[in-house]
Amino acid sequence: MSSMLVLAIVVAIGLVAFLIGRQRAAAQDNGTVKPHSRAHYHGWWAFLLAVLPALLLLAVWTIGSSFYLDRHIHAALPERTADSKVASEALDVSLVKSLAKGLHQLDANTLAALPATFAELQPLLAAKGVALATDTQDYMIPIAVEANAVQSRLGMIGAVLAFALSIAGAFYALRQIAPRARARNNVERLMLWGLLAASTIAILTTVGIVLSMLFQTIQFFESVSPMSFFFGTVWDPRFAAAGSGGSQGQFGLIPLLAGTLYIALIALLVAVPVGLMSAVYMAEYASPRVRSVVKPALELLAGIPTIVYGIFAVVTLGPFLRDLSAALTGGSPFIQGQSIFTAGLVMGVMLIPVVSSLSDDIITAVPRAMRDGSLGLGATRSETIKRVILPAALPGIVGAILLTASRAIGETMIVVLAAGVAANLTINPFEAMTTITVKIVNQLTGDLEFNSPQTLVAFALGLTLFALTLVMNIVALYIVRKYREQYE
Amino acid sequence: MTDIPMNTMVRVAAHPRRDIGLKARYAAERRFRIYGMLAISVGLAFLAIMLITIVTKGYTAFWQTTVSLPISFDEKVIDPSNKRATDPTVLIKANYPKLAEKALIAKLGINPDDKPSILKLKGFLSEGARVQLRNIVAADPSVIGTTRDVNILAAANLDSAFKGQIDLGVEEARRKVSDQQIAWMNKLRADGAMAEHFNTGLFSYGASSRPETSGMGVAIIGSFYMMVIVLLLALPIGVAASIYLEEFAKKNRFTDLIEVNINNLAAVPSIVFGLLGLAVFINFLGMPRSAAFVGGLVLTLMTLPTIIIATRAALAAVPPSIRAAALGLGASKMQMVFQHILPLAAPGILTGTIIGLARALGETAPLLLIGMVAFVADYPKTPFDPATALPVQIYMWANEAERAFVERMSGAIIILLVFLMAMNITAIVLRRRFERRW
């Protein structure tokens with residue numbers, strides 16, 4: 001029985017329980033005793049009791065039975081000897097599992113007369129569109145058949161237990177129905193738990209991010225020492241051909257980190273003055289009509305996906321700057337098509353709306369009285385802004401800049417397209433450099449085995465990136481929050 | 001005032017006003033204003049330049065050159081040994097390009113024995129003609145032996161030449177179309193046989209190595225699946241989480257931890273979510289690579305903070321008097337939230353959700369890591385089949401060298417931007433129409 005069907009039946013039992021419960025509760029209301037809860041709450045309580053425990057049981061049962069199946073296959077496999085044809089025990093088990101999965105596709109007649117060798121079995125499976133690894137062994141066929149039998153038996157038991165639990169829950173809830181029964185409170189308590197569970201997803205996500213990257217990073221550090229990762233100046237991962245040991249490659253973080261910070265710096269040099277000045281102008285000078293046109297336009301700039309910026313940088317701006325520099329020197333261009341400067345410039349433009357909307361909030365939060373006081377003493381508007389408003393807003397603006405910097409460091413698509421892939425260490429902004437995010441994408445696109453340092457390094461890079469931005473975000477959020485409290 | 005005595009004026013002149021640098025200060029004021037205007041114009045100018053270059057590069061992608069040819073479905077070419085009744089693969093393997101070539105030779109009036117000229121025809125029609133004609137025959141085998149007018153796709157280079165994008169001043173050997181082909185093209189254009197049509201293929205084809213038969217069909221379906229998954233997961237979870245935090249949570253360490261987490265997740269680089277998806281969903285839970293389902297889950301986690309922050313703002317904006325009134329009439333707290341607060345906050349929640357969805361639709365980086373950079377030619381039937389997404393398709397076309405791919409890429413960007421614009425405008429309209437000021 002498929003798990004979807006079991007699920008559907010459990011829900012159906014729940015719905016029946018809901019209808020009966022509501023009907024019974026309504027029938028009991030004869031006007032003598034004031035009912036505590038309205039009839040549909042009794043129905044929902046019956047539904048929840050019928051469905052939730054059964055679902056929980058199914059979840060636990062599914063996980064448990066997959067573990068049991070693994071152990072069962074392990075036990076059934078022949079002892080490993082020196083001349084075993086399959087490389088490892090884990091591979092053995094996974095081959096049996098995929099064979100078992102493939103056997104599901106065959107019809108009953110074929111299964112009844114299953115050929116004993118893999119050579120005969122393969123064309124039958126191939127006809128059903130099942131492709132299997134060629135090192136599947138003959139001895140695996142009976143094990144796979146046995147595993148399928150065990151699996152369906154376990155599934156059957158699980159389904160029956162779930163149905164029993166579901167019906168039992170429904171009966172229990174239906175028996176409880178009485179005019180003074182507190183069905184609403186029961187339902188609401190469960191709802192509250194549901195709401196709480198939803199809000200913990202944020203924590204689970206963070207934990208998931210940290211744990212998943214931490215495990216892979218630890219695995220990475222088993223083959224490459226942390227010292228040579230964090231302080232190495234050469235990035236040369238050398239995609240080694242499978243099986244050729246020795247060619248280890250070098251994984252120095254420094255060139256990537258330098259590139260990341262350099263591009264972020266240029267981006268901030270563009271975004272902070274422009275963004276801040278636009279925010280000031282919008283908040284202090286612009287007429288409402290200008291505001292109503294320019295503000296949505298800047299928001300539009302913020303809504304454009306970063307890949308569009310990246311393509312603009314690589315297709316239009318990069319070649320333009322290269323040709324411009326060639327025309328200036330009258331020969332060879334000094335700006336390369338992919339360069340730190342191009343990437344930083346475009347990223348800076350992307351960040352303008354980020355800076356301006358964050359600082360707009362902060363500038364408008366400065367109390368009116370401070371502004372009026374300064375103007376009343378005879379200062380011009382620009383003097384008021386420079387000497388009163390900006391100093392008052394400074395902590396908030398620093399927070400905004402930090403948040404923007406963390407965006408710049410984590411930005412991916414612009415640098416993937418416009419910054420280049422060569423891990424140089426250079427101070428010339430017109431040359432190509434690469435960043436942490438570019439290398440994460442480089443190391444992980446394409447089909448790769450999951451346990452080589454070439455792949456695992458991406459997680460070490462990701463963890464570094466996460467830690468870097470986490471610190472910046474927390475400091476920035478702290479500053480912004482502190483600042484907001486100051487004027488409230 | 002002519003009657004002011006002379007000596008008073010002298011007296012005034014003798015006590016000049018203190019020089020407080022008003023002139024300089026006003027100049028500084030003007031300069032400051034100009035800086036502000038400059039800053040805004042820089043942003044807007046960049047926006048304008050970017051949109052204009054993309055549109056001028058991309059609008060031609062919406063037209064595709066085709067050649068209308070009377071194709072005679074010759075049995076001798078399709079099924080020379082007459083076995084199609086017993087062996088249906090004959091109809092699949094038949095030499096369809098030959099049919100198109102024959103029709104073209106007849107149309108151009110070339111002598112069928114003039115081998116050098118016929119050789120020059122190579123690369124005039126798209127290789128996609130094979131699929132086009134095969135589909136016609138497969139749908140209706142009785143067409144064999146008859147003649148029918150078919151619009152055959154022109155090859156990408158001829159398409160570019162037809163649209164006037166190839167510089168004919170360059171010497172022939174360095175161009176991708178020969179002078180002879182241009183001459184034929186002009187002849188067909190004069191006949192009206194070769195013309196541009198609206199490019200429906202851009203929306204329906206899957207991945208292909210030939211520009212003229214590649215399109216965003218798979219990407220649109222993949223993006224659609226992901227948006228549905230994000231909506232179905234992120235909206236209920238986000239609203240539930242916001243309700244708990246805004247209405248029920250007591251101020252304690254645990255609530256603080258959740259809040260810090262949400263604010264931080266909103267600022268985590270999107271590529272980190274891709275790493276999470278790769279490590280947890282694909283590697284640990286064994287979900288399929290390149291699947292829209294995994295992409296949807298990753299984008300859900302990424303969108304959740306946006307939705308939660310917007311929803312909490314919307315809930316907080318509902319005035320306390322509504323809460324007090326509901327509680328006063330005997331509603332439980334849960335009833336108050338679900339029957340009174342939530343409906344009033346709905347427009348704000350919807351706006352936040354649409355903006356979050358728009359961001360998710362344009363997101364590329366995490367999708368690269370979960371293997372959505374894939375050559376997928378067939379439509380994904382379920383969210384678990386391999387698929388691509390709109391921005392990923394754009395990224396893949398950006399990595400192709402051919403001119404015609406750049407055109408398609410810009411066309412795809414226009415489509416993506418139109419989608420995003422539509423969503424954002426919907427959000428703004430919703431906010432304007434339904435938002436209540438208390």
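This is a predicted model: local features need pLDDT of at least 70, side-chain atom pairs count only at pLDDT 80 or more; totals for chains, interfaces and linings use all residues.
The domain assignment places domain 1 of chain B at residues 63-198 and domain 2 of chain B at residues 217-434. For chain A, the assignment gives a domain 1 built from two segments, 3-78 and 85-181, together with a domain 2 that covers residues 250-486, and the C-alpha centres of these two domains of chain A lie 51 Å apart.

The secondary structure of chain A consists of 17 helices and two strands. The radius of gyration of chain A is 32 Å, whereas the globule rule gives 23 Å for 488 residues, and chain A is therefore more spread out than a compact globule. Taken along the principal axes, the box filled by the C-alpha atoms of chain A has dimensions of roughly 90 × 85 × 40 Å. Of the 488 residues of chain A, 40% count as buried. When contacts in chain A with a separation of 6 or more are considered, 74% of them are accounted for by residues 24 or more positions apart.

A local example in chain A is provided by A:Val480, which is found in helix α17 (residues 453-486). This residue counts as buried because 22 other C-beta atoms lie within 10 Å. A:Val480 and A:Pro395 are 85 residues apart in sequence, yet their C-alpha atoms are 7.2 Å apart in space. Once residues up to four places away in sequence are set aside, A:Val480 touches A:Gly396 and A:Gly399.

Two helix pairs that involve helix α11 of chain B were examined. Within chain B, helix α11 (residues 217-248) packs against helix α16 (residues 333-362) at an angle of about 140 degrees, with the axes 10 Å apart. At that angle, α11(B) is oblique to α16(B), and the crossing of the two helices is right-handed. The residues of α11(B) that make this contact include B:Met227, B:Val230, B:Leu231 and B:Ile243, and those of α16(B) include B:Val337, B:Ile349, B:Gly356 and B:Leu361.

Between the chains, helix α7 (residues 183-223) of chain A and α11(B) pack at an angle of about 105 degrees, with their axes 7 Å apart. This angle makes α7(A) roughly perpendicular to α11(B). Among the residues of α7(A) that take part are A:Leu192, A:Gly194, A:Leu195 and A:Ile201, which belong to a set that meets residues of α11(B) including B:Ile237, B:Ala240, B:Tyr244 and B:Phe248. B:Ile243 is listed in the contact of α11(B) with α16(B), and B:Ile243 is also listed in the contact of α11(B) with α7(A).

Two serine residues of chain B were considered individually. B:Ser204 lies in helix α10 (residues 201-204) of chain B and is partly exposed, with 13 other C-beta atoms within 10 Å. The C-alpha atoms of B:Ser204 and B:Gly217 are 4.2 Å apart in space, although the two residues are 13 residues apart in sequence. Leaving aside neighbours within four places in sequence, B:Ser204 is in contact with B:Gly215 and B:Gly217. B:Ser290 lies in the loop between α13 (270-284) and α14 (292-317) of chain B, and B:Ser290 is buried, with 23 other C-beta atoms within 10 Å. Although B:Ser290 is not a glycine, its phi is positive, at about 65 degrees.

Definitions and conventions: Residues are numbered from 1 along each chain as its sequence is written. Chains are lettered from A and ligands numbered from 1 in the order in which they are written. Domain bounds come from an automatic or database domain assignment. Helices (H or I, at least four residues) and strands (E, at least two) are DSSP runs, numbered from the N terminus. The radius of gyration is taken over C-alpha atoms; the globule rule is 2.2 Å times the number of residues to the power 0.38. A residue is buried if 20 or more other C-beta atoms lie within 10 Å of its own, exposed if 12 or fewer, and partly exposed in between; C-beta atoms are placed from the backbone. Two residues are in contact if their C-beta atoms, placed from the backbone, lie within 7 Å. Axes are lines fitted to C-alpha atoms, for helices over the stretch in contact, and angles run from 0 to 180 degrees between N-to-C directions. Angles under 35 degrees count as roughly parallel, over 145 as roughly antiparallel, 65 to 115 as roughly perpendicular and the rest as oblique. A crossing is left-handed if the near helix is turned anticlockwise from the far one by less than a right angle, and right-handed if clockwise.
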